[in-house]
Amino acid sequence: MSAYAETLRYLYALEYRGMKFGLRNIRALLRAAGNPERAFPSIHIAGTNGKGSTCAFIASALTQAGYRTGLYTSPHLVRFTERIRIDGREMDEARLVAYIRRMRPWIEKYRATFFEATTCAAFQFFADEGVEIAVIETGLGGRLDATNVLRPLVSGITNIALEHTEMLGSTLRMIAREKGGIIKPGISAATAEEDPAPLAVLRRRARLCRVHLRESSRAVAVRASRGGARVSMRSGRFALKPFAPGLRGRHQVRNAALALCVLRTLLETSPGRKRFRRLTAPLIRKGFVRVIRNTGLRGRLERLGGRRRVLLDVAHNPAGMRTLVESLRKGAQKNLIAVFGVMKDKEYGPMLSGLASIADPIIAVAPPQKRALPAIELWRAGRDLGLNVLVGGNVSSGLRKAARIAGKRGLLVTGSHYVVGEALKALDREIT
């Protein structure tokens, strides 16, 4: 077994420690490492859906402007090192091996979790590589998430929806309190949330911290072309001429608008004005167009060619599935065959019902994850809802079954990052 494979085995074994809410462990781990999180400025993003895409838009614009930009997102799709990038390039496997080898005594001493150890390694990498700024996505929640040790230049919150209710709370207001916990005194914040109830919680948090909460729905004027393929944006002194966002789907326009809102807010901070003068509207626009090239982000309404049309999207909760279905309907993409799998803790009934409005049949699959819902249980849930669901087994076999019955129809792979990741492995092999 290679040193890299052994390192991954060790990290994944930490998952048995579960998810620990609280900052005590991560602070102790970072202190032992020399507090690398203090070596670089950052932007911190939380929210239920759209976090990864918003982070990617922001990071792409900064990279396009010539700044050495770190990007930390999770989970990965195919390779672990996708989580930690600089200007779109993944962390080298050897670096991960060296960091975890050095950190291992501290990981054991403080009983650090998988995410805490990974976060510490990412921050160490960014510090050692001298990034000029890092864009950091929360793992779960915000207030007690391991990434919330940061003192960012700007905090951003995408939206609030019901997810992980056993840990974050059973109402939108409760979840907003957790995610709004990344708003800190003296640090400006922005949000794309528009629902009055959670938005009121975020506004209250900002008032308590005595900071301005900029709302992208008000601060960014968006105008779409007649077909909706191109948009123009204006916020403050930034006017972005018509462009096609590099990530597909109308929901990505909202994510790009929040990204612009965050970047405007960054440049209105004193450190931001001094450090990021090269960040102009034309470069932000170009960054939004080149987001995949600049960051390597995949699985957001991604279209693969080859012998048949395949769409892949990481929608993994009811709110995300509603957004996906709406985007596909508006794009006149219906009559699909879906390959669908979820984690056990998700509300998969509403997801199945929504998916069935654009896809028939639905092939139930399960990725190789302990948290994955078995395909047979997903099939039973679909049967109880009166839907046409077939058992596909694992993701590869589900794809083969879908291909056999598809004819000229397109395939949609969705339901989980892990499902999309397994599909990418299989489909990339087929295409290459």
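Is Thr-81 buried or exposed, and what is its relative accessible area?

Modeller: Thr-81 is buried, with a relative accessible area of 4% (buried means under 20%, exposed over 50%, partly exposed in between, with a 1.4 Å probe and protein chains only). The model is predicted, so local features need pLDDT of at least 70 and side-chain atom pairs pLDDT 80 or more, while totals for chains, interfaces and linings use all residues. Residues are numbered from 1 along each chain as its sequence is written, and side-chain values use heavy atoms, without hydrogens or water.

Thr-81 belongs to the loop between strand S2 (69–72) and strand S3 (84–86) (helices are DSSP runs of H or I with at least four residues, strands runs of E with at least two, numbered from the N terminus). Leaving aside residues up to four places away in sequence, Thr-81 touches Tyr-4, Glu-90, Met-91 and Glu-93 (contact: heavy atoms within 4.5 Å). With one of these, Glu-90, the side chain of Thr-81 makes a polar contact of 2.6 Å (N or O atoms within 3.5 Å, one able to donate a hydrogen and the other to accept it; residues adjacent in sequence count only if both atoms are side-chain atoms).

Helix H2 (residues 24–32) also has buried residues, namely Asn-25, Ile-26, Ala-28, Leu-29 and Leu-30. Their cover includes helix H4 (93–109) and helix H5 (114–128). Just after H2, Gly-34 adopts a positive phi of about 95 degrees.

Elsewhere, 6 strands form an open sheet with mixed pairing, in the order S12-S13-S17-S14-S15-S16 (two strands pair if DSSP finds at least two bridges). Strand S12 (302–304) and strand S16 (389–393) stand at the edges; because each has a single partner strand, one side of each lacks a neighbour in the sheet. Direction ignored, neighbouring strands are turned by 25 degrees against each other on average.

Within this sheet, strand S14 (residues 336–340) runs parallel to strand S17 (residues 411–414), and 4 bridges join the two. Phe-340 stands opposite Thr-414 in S17. Helix H14 lies across strand S13 (310–312), S14 and S17, at about 160 degrees to S17 (angles run from 0 to 180 degrees between N-to-C directions, with axes fitted to C-alpha atoms, for helices over the stretch in contact). Helix H10 (residues 250–267) packs with H14 (residues 318–330) at about 120 degrees, their axes 8 Å apart. There, Arg-250, His-251 and Arg-254 of H10 meet Thr-323, Ser-327 and Lys-330 of H14.
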